[in-house]
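This briefing is meant for a reader who is meeting the structure for the first time. Please look over the sequence and the model below before reading on.

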Amino acid sequence: MNTTTPSNVSNIFPFEVRPYADFSSTDKRYKKLNLNQSQKTNINQLLSELPTLAASDMLENAYLFKFPDGVTGTMMQYRNGGVGAAIIGADGKIAAHGGFHKITTQAVMLNAFSAMSIATGQYFLAEINKNFTQLNQKIDKIMDFLYGEKKAELISEVNFVQYAHKNFASIMHHAEQRIATITGLQEARKVAMKDIDFYLNDLDKRASIDAKSYAELEEIVGNVCSIRDTLEVSLQLYVMSCFMETYYAENTDSEYLQSQKEDALCYVRKCEVQILTSFNTLVGRCDKVFKINPLKKADATPLRDRLQEVISTFANGEESQICKAIHAMWDNPFQGKEYYVTREGSVYISV
């Protein structure tokens with residue numbers, strides 16, 4: 001940009017505009033934001049206003065007009081737009097009439113930065129969604145591995161969260177729909193927590209069954225692994241609905257964000273401990289069944305390996321992928337942003 005934000009504008013808007021000669025669109029430190037047609041229009045309007053804004057002090061000389069108490073009516077209207085007010089000359093008499101015209105620069109700037117904010121939200125939502133491998137699959141694929149009587153309920157909420165994610169940019173421009181979406185996301189979070197509690201109890205019960213044969217143990221392990229997959233979807237649904245509610249509400253209060261992050265981490269970790277405990281219990285069952293049938297040489301190794309594969313995702317001394325995603329979700333998107341706007345109207349964000 002070939003302009004610098006006037007100091008009086010900086011007092012009104014919490015941002016700075018300055019030229020940046022070293023910017024390169026091929027630099028991997030910058031990511032291009034995908035703008036829809038409305039957002040592109042807002043950015044182009046901002047670009048057209050910047051030279052005038054940088055060269056003038058019109059905001060510094062803006063006034064608030066008030067009618068005297070008890071006086072009603074309208075001001076004199078001019079054909080070329082604006083309304084009139086008398087100018088008093090040195091002799092105390094009316095020398096001329098001056099016109100007041102609406103200052104649109106503030107609205108243009110607000111619209112442009114709102115467009116960039118929404119586009120940034122789209123970018124981070126897309127990046128974060130990559131971590132939720134099960135949640136972002138097609139609904140028919142998710143249905144293939146969901147388990148139990150809560151299947152339909154979960155699918156309904158997953159479908160809604162996918163819808164809210166896909167249509168974020170459009171919904172953000174419509175206040176009533178945005179409020180309704182926030183309500184839907186809050187409901188999705190509650191449903192996810194309810195279903196997580198149900199499946200954790202079911203997991204514990206099935207892991208505690210005393211299998212009397214290899215066939216029975218094989219069935220139990222299959223059911224438990226299916227429950228684990230369903231729990232993974234439920235946990236991803238819980239975390240994503242929490243995060244998207246924050247994005248839709250545009251609530252950047254630091255205490256609120258920290259509380260949301262800590263609550264999500266605490267809840268997910270608690271669930272992971274319970275899952276780990278149930279799977280470790282079932283590994284013990286594998287050893288027991290093997291000892292019960294020494295003559296048949298029932299080899300529980302495949303079942304044990306299947307269980308250990310899940311256990312290893314929690315017991316390697318590192319945080320799980322979903323906990324890492326939570327850190328990224330509540331840390332990176334809400335930090336200060338630097339935008340780079342080219343003369344052509346393309347917008348890049350520093351990542």
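In helix α11, which spans residues 321-331, the buried residues are Ile-322, Cys-323, Ala-325, Ile-326, Met-329 and Trp-330, where buried means under 20% relative accessible area, exposed means over 50% and partly exposed lies in between, with a 1.4 Å probe and protein chains only. Seen down the axis of α11, these buried residues fall within an arc of 155°, so they line one face of the helix; the arc is that of the directions from the helix axis to the C-beta atoms. An α-helix has 3.6 residues a turn, so residues three or four places apart point the same way.

This is a predicted model, in which local features need pLDDT of at least 70 and side-chain atom pairs count only at pLDDT 80 or more, while totals for chains, interfaces and linings use all residues. Residues are numbered from 1 along each chain as its sequence is written, and side-chain values use heavy atoms, with hydrogens and water left out.

**Overall make-up**
- The protein has eleven helices and five strands, which are DSSP runs numbered from the N terminus (helices: H or I, at least four residues; strands: E, at least two).
- Of the 351 residues of the protein, 40% count as buried.

**Packing of α8 and α11**
- Helix α8 (residues 214-249) packs with α11 at an angle of about 0°, their axes being 11 Å apart; axes are lines fitted to C-alpha atoms, for helices over the stretch in contact, and angles run from 0 to 180 degrees between N-to-C directions.
- The two helices α8 and α11 are therefore roughly parallel to each other, a term that applies to angles under 35 degrees.
- Residues of α8 including Leu-235, Val-239 and Phe-243 belong to the set that meets Ile-322, Ile-326, Met-329 and Trp-330 in α11, contact meaning heavy atoms within 4.5 Å.

**The three-stranded sheet**
- An open sheet of three strands runs in the order β1-β5-β4 with antiparallel pairing, and two strands pair if DSSP finds at least two bridges between them.
- Its edge strands are β1 (30-32) and β4 (339-341), each of which pairs on one side only.
- Strands β1 and β5 (residues 347-350) pair in the antiparallel sense over three bridges, and the bridge partner of Tyr-30 in β5 is Ser-350.

**Gly-284**
- Gly-284 has its place in helix α9 (residues 254-292) and, at 36% relative accessibility, counts as partly exposed.
- The C-alpha atoms of Gly-284 and Arg-304 are separated by 9.0 Å, with the two residues 20 apart along the chain.

Terms used: Angles under 35 degrees count as roughly parallel, over 145 as roughly antiparallel, 65 to 115 as roughly perpendicular and the rest as oblique.
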